[in-house]
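Reader: I have a new model open in my viewer. Could you walk me through how to read its features, one at a time?

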Amino acid sequence: MRTVVAGDDPVRDAARRASTEREVVLATAAGGEVPVLLRSARLGRPPWVLLTLRDQAGTRRMEQELRRHERLAMLGRLSAGAAHEIRNPLAGIGTSAQVLLGRFEPRDERARFVRVILEEVGRLDRIVTSLLQYARPRVPELKPTLLAPCIERVLELAAEPVAHGHVRVEVEVAPRLGPVYIDPDLVTQVLLNVTLNALQAMPDSGTLRYEVRRVRRKAPARSAGRRAEDRAAGRRRPRGHDWIASQQVRVIDTGVGIPRHALARLFDPFFSTKPKGTGLGLAISQSIMQEHGGAIAVASREGRGTTVLLDFPMEKRHGQRRQPHADTGR
Ligand SMILES: Nc1ncnc2c1ncn2[C@@H]1O[C@H](COP(=O)(O)OP(=O)(O)O)[C@@H](O)[C@H]1O
Ligand SMILES: [Mg+2]
């Protein structure tokens with residue numbers, strides 16, 4: 001047991017004072033460290049000391065996660081502001097370049113440079129649009145939708161890169177799956193993001209597989225407790241958790257995989273390992289899934305491939321709106 005201060009001895013300290021409370025770290029046998037809250041009380045005569053240790057690891061992780069969320073929310077607001085500012089001048093540059101292009105003969109050497117300007121303006125515009133979408137996602141319009149046709153639609157949209165990468169596609173849909181309450185356009189966008197990532201991870205060849213099935217998952221803790229309709233339906237649930245009946249889409253690729261250190265950062269906006277990547281695809285997908293009350297998770301092994309799990313709740317009520325301006329806890 002030690003503290004972060006050299007020469008500090010928490011036990012000796014506890015013997016000298018009537019009571020203490022401080023954070024210390026315990027060294028584990030495996031060489032790790034566990035942060036604990038140490039409380040001491042000196043009792044009796046001759047005096048003896050009562051020490052209690054409370055594991056802080058869980059609390060720490062939660063605090064870290066919370067700080068990360070706050071940082072991301074802040075980043076979202078900042079980028080939305082910047083994106084708005086960039087949009088107008090960018091439109092000005094684009095229109096001017098378009099006019100200029102009209103003044104040159106098609107064969108004119110200078111027209112080539114103007115086309116480069118237009119292309120890059122287009123690229124910036126796409127980044128700005130993605131940024132705004134990440135920071136201010138539109139409210140999903142939920143309607144009963146079958147997931148399989150969404151996958152078909154994505155495969156149509158991605159037909160070109162699929163053929164180009166010599167990728168084999170497999171789709172397996174469990175029998176008798178009903179609709180889920182989703183916004184088909186937004187979910188198609190999530191599936192497309194994930195599909196393009198999978199294809200980019202298999203530049204030469206590989207297999208892209210979609211599986212759709214029914215699953216049950218634990219709901220995030222809700223403050224309002226159980227709802228009347230749960231009780232009315234006579235459903236018994238394990239204490240502390242609701243179970244959400246969901247449908248899961250697995251998008252499985254046999255591509256390059258994701259190194260361990262990158263896994264933790266996948267959903268951070270701007271995290272990308274690609275030269276022309278925006279790093280917004282998964283960040284946007286995650287915010288869309290959260291707005292649906294769903295979830296997105298990634299499992300991967302380097303050199304083997306990656307599986308993305310998308311969970312969609314089957315009931316309508318689970319969607320939760322992110323509140324970009326009320327989440328700093330001030
Ligand atoms: N299926 C996958 N296989 C390997 N790496 C992936 C896969 N999906 C995502 N990644 C990694 O996650 C990063 C972030 O993805 P994304 O948010 O879509 O941004 P972008 O595609 O613009 O880089 C990618 O740059 C890549 O390193
Ligand atoms: Mg991407």
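**Reading the model step by step**

Author: Gladly, and let us begin with the overall picture. Of the 330 residues in the protein chain, 35% count as buried. Please keep in mind that this is a predicted model.

Reader: How many helices and strands does the protein chain have?

Author: The protein chain contains nine helices and ten strands. Sequence separation is the next thing to look at: among contacts with a separation of 6 or more, 69% link residues 24 or more positions apart. As for the surface, the accessible area of the protein chain is about 20,700 Å², and carbon and sulfur atoms account for 54% of that.

Reader: Now the ligand. Which residues are closest to ligand 1?

Author: With a ligand, start from the residues around it and then turn to individual polar atoms. Here 18 residues surround ligand 1, and the closest are D253, S272, T273, K274 and L282.

Reader: Which atoms of ligand 1 lie by D253 and S272?

Author: For D253, a polar side-chain atom is 2.8 Å from a nitrogen atom of ligand 1. For S272, an N or O atom of the side chain is 2.6 Å from an oxygen atom of ligand 1. The backbone takes part in the list too: T278 has a backbone N or O atom 3.0 Å from an oxygen atom of ligand 1.

Reader: How much of the accessible area of ligand 1 does the protein cover?

Author: On its own, ligand 1 has 540 Å² of accessible area, and the protein covers 92% of it. Two or more residues of the shell around ligand 1 come from each of α6 (184-200) and α9 (281-291).

Reader: Let us take a single residue next. Is S130 buried or exposed?

Author: To answer that, compare the relative accessible area with the cut-off. S130 counts as buried because its relative accessible area is 17%, and buried means under 20%. S130 sits in helix α3, residues 109-135.

Reader: What is S130 in contact with, leaving aside its neighbours within four places in sequence?

Author: Those contacts are with L280 and I284. Within the chain, a polar atom of the S130 side chain also lies 2.9 Å from the backbone oxygen of R126.

Reader: And rings? How many aromatic pairs are there?

Author: The count of aromatic pairs is zero by the rule used here. A ring can still have a charge over it, as with F113: the charged end of R112 sits over its ring, 5.1 Å from the centre.

Reader: Turning to the backbone, which residues does a cis peptide bond join?

Author: For a peptide bond, read omega. The bond between R45 and P46 is cis, with omega about -5 degrees. P46 belongs to the loop between β2 (33-43) and β3 (48-55).

Reader: What is phi of R176, and where does R176 lie?

Author: Phi is the angle to read here, along with the residue type. R176 is not a glycine, yet its phi is positive, near 55 degrees. R176 is found in the loop between β5 (167-173) and β6 (180-182). With 76% relative accessibility, R176 counts as exposed.

Reader: Which value does phi take in F270?

Author: F270, also not a glycine, has a positive phi of about 75 degrees. The loop between α8 (260-263) and α9 holds F270. Its relative accessibility is 41%, so F270 counts as partly exposed.

Definitions and conventions: Residues are numbered from 1 along each chain as its sequence is written. Chains are lettered from A and ligands numbered from 1 in the order in which they are written. This is a predicted model: local features need pLDDT of at least 70, side-chain atom pairs count only at pLDDT 80 or more; totals for chains, interfaces and linings use all residues. Side-chain values use heavy atoms; hydrogens and water are left out. Helices (H or I, at least four residues) and strands (E, at least two) are DSSP runs, numbered from the N terminus. Buried means under 20% relative accessible area, exposed over 50%, partly exposed in between (1.4 Å probe, protein chains only). Contact means heavy atoms within 4.5 Å. Accessible areas come from the Shrake-Rupley method with a 1.4 Å probe; for residues, only the protein chains shown count as cover. Rings of Phe, Tyr and Trp (its six-membered ring) pair if their centres lie within 6.5 Å; planes under 30 degrees apart count as stacked, over 60 as edge-to-face and the rest as tilted. A charge sits over a ring if NZ of Lys or CZ of Arg is within 6 Å of the ring centre and within 35 degrees of the ring normal. A residue is near a molecule or strand if one of its heavy atoms lies within 4 Å of it. A polar contact is a pair of N or O atoms within 3.5 Å; within protein, one must be able to donate a hydrogen and the other to accept it, and residues adjacent in sequence count only if both atoms are side-chain atoms.
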